[in-house]
Amino acid sequence: MDGALSGLLTLIPSTAAVYTAMQNSPTFVRSTNWQSRTALVIMPPFFMYALSSEMKLNHKMREMASEAEHSREVSEWAEKQQKQEQIDDSSSSRSSNTGNGNNTLKRKASAKGVTDRHLHALYKRSVE
């Protein structure tokens, strides 16, 4: 849509320029034929259509690449958090053998809540 709009907006001045040259310059009329005048009218809009379409496509591809990279980074971060939680759980389970099983469950629940909040905050930042 952007390409078509750019082409249409370029068509107006290119047509006006050729029309003005046809009306005011006998040299222009003698030195150009109808094919070259047609080319002078339609080639600038075609160029703008192609250029703006290519720029829009390039922008969209970069945006998709950025989203994919962000998704990969979030996944890596979540895996690291999960590994860290497993390490913390295994170390706390060793200490729970001393008789503090109830405290360990509380720590696990609070650590899970913290991880969930971190994931939620990270997702919220990525969406904004």
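User: Which helix holds isoleucine 12?

Analyst: Isoleucine 12 lies in helix H1, residues 2–24. Helices here are DSSP runs of H or I with at least four residues, strands are runs of E with at least two, and both are numbered from the N terminus. This is a predicted model, in which local features need pLDDT of at least 70, side-chain atom pairs count only at pLDDT 80 or more, and totals for chains, interfaces and linings use all residues. Residues are numbered from 1 along each chain as its sequence is written, and side-chain values use heavy atoms, with hydrogens and water left out.

User: Is isoleucine 12 buried or exposed?

Analyst: Buried means under 20% relative accessible area, exposed means over 50%, and partly exposed lies in between, with a 1.4 Å probe and protein chains only. Isoleucine 12 counts as exposed because its relative accessibility is 56%. The buried residues of H1 are Gly3, Gly7, Thr10, Ser14, Val18 and Ala21.

User: Where is threonine 32, and which backbone oxygen lies 2.6 Å from a polar atom of its side chain?

Analyst: A polar contact is a pair of N or O atoms within 3.5 Å; within protein, one must be able to donate a hydrogen and the other to accept it, and residues adjacent in sequence count only if both atoms are side-chain atoms. Threonine 32 sits in the loop between helix H2 (26–31) and helix H3 (34–96). The backbone oxygen is that of phenylalanine 28. Threonine 32 counts as buried because its relative accessibility is 15%.

User: How far apart are phenylalanine 47 and glycine 3, in sequence and in space?

Analyst: Phenylalanine 47 belongs to helix H3. Phenylalanine 47 and glycine 3 are 44 residues apart in sequence and 9.5 Å apart in space, C-alpha to C-alpha. Phenylalanine 47 is exposed, at 52% relative accessible area, whereas glycine 3 is among the buried residues of H1.

User: How many helices and strands does the protein chain have, and what share of its residues is buried?

Analyst: The protein chain has four helices and zero strands, in the pattern α-α-α-α along the sequence. Of its 128 residues, 13% count as buried. With contact meaning heavy atoms within 4.5 Å, residues 24 or more positions apart account for 64% of the chain's contacts with a separation of 6 or more.
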